[in-house]
Amino acid sequence: MFYYLDGTVAHIEPYLAVIDCGGVGYACKTTNTTLGQLRKGQRGKLYTYLNVAEDVFDLYGFASQGELGSFKQLLGVSGVGPKAALAILSSVTPEGLAMAVITDDAKTLTAAPGIGKKIAQRIILELKDKVAKEQQADGFIPAAAAAAPSGGKTVEAAQALSVLGYSQSDISAALRGLDVENLSLEELVRQALRRMVQ
């Protein structure tokens, strides 16, 4: 229904930003990461997700499409609701979430308030499984992975980007030509993300 809101930041409080668009204030539940990029009285743009249920009509807003994609991915995990997803994305960046998933780092996820070891392990398991199924269905092997001796790093970077919700064609294009040999896995993911948001 709403793709993004672009207007003046009218109000900020923990986990909430109000964006004034043409005289209408839209209250968006959000993360600490997004709040850190907004300034009251200045222009702000949030990519949105509308959560509609029986007695719920909540709007969520994020400073980047990567953060929105991560939020949606987390909501796809059984037992993870919007509150838990916001808590996770308030304590870890989308790239950090992707790295935690592909490296089985439950400790990073449990740093979020209200996220225990059991739910962290479920997030890792379900997101890894989802990425593996998507890649298998697409027959996806990054072109760089076949040619490079460090193909494992390229495959891991592709998996991390898949966790963030990017398509296999976007991932292939973003990884093409990056210095796989000399970049750490985290830097490889970061540079690919920069290319995708340009």
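User: Which residues does Gly25 touch, not counting residues up to four places away in sequence?

Analyst: A contact means heavy atoms within 4.5 Å. On that basis, Gly25 touches Val18, Ile19 and Asp20. Please note that this is a predicted model, in which local features need pLDDT of at least 70 and side-chain atom pairs count only at pLDDT 80 or more, while totals for chains, interfaces and linings use all residues. Residues are numbered from 1 along each chain as its sequence is written, and side-chain values use heavy atoms, with hydrogens and water left out.

User: Where does Gly25 lie, and is Gly25 buried or exposed?

Analyst: Helices (H or I, at least four residues) and strands (E, at least two) are DSSP runs, numbered from the N terminus. Gly25 belongs to strand β3 (residues 24-29). Buried means under 20% relative accessible area, exposed over 50%, and partly exposed in between, with a 1.4 Å probe and protein chains only. Gly25 has a relative accessible area of 51% and is therefore exposed. Its C-alpha atom is separated by 9.0 Å from that of His11, 14 residues apart along the chain.

User: Why is helix α4 described as largely enclosed by the rest of the structure?

Analyst: Eight of the nine residues of α4 (residues 94-102) are buried, so the helix is largely enclosed. The buried residues are Pro94, Gly96, Leu97, Ala98, Met99, Ala100, Val101 and Ile102. Just after α4, Asp104 adopts a positive phi of about 55 degrees.

User: How many bridges join strand β4 to strand β5?

Analyst: Two strands pair if DSSP finds at least two bridges between them. Here β4 (residues 43-53) and β5 (residues 56-62) run antiparallel and are joined by seven bridges. Asn51 has Asp58, in β5, as its bridge partner. The hairpin from β4 to β5 passes through two residues.

User: What describes two packed helices, and at what angle do the axes of α2 and α3 cross?

Analyst: Two packed helices are described by the angle between their axes and the distance between the axes. Axes are lines fitted to C-alpha atoms, for helices over the stretch in contact, and angles run from 0 to 180 degrees between N-to-C directions. The axes of α2 (residues 65-75) and α3 (residues 82-91) come within 9 Å and cross at roughly 135 degrees. The contact involves Glu67, Ser70, Phe71, Leu74 and Leu75 of α2, together with Pro82, Ala85, Leu86, Ile88 and Leu89 of α3.
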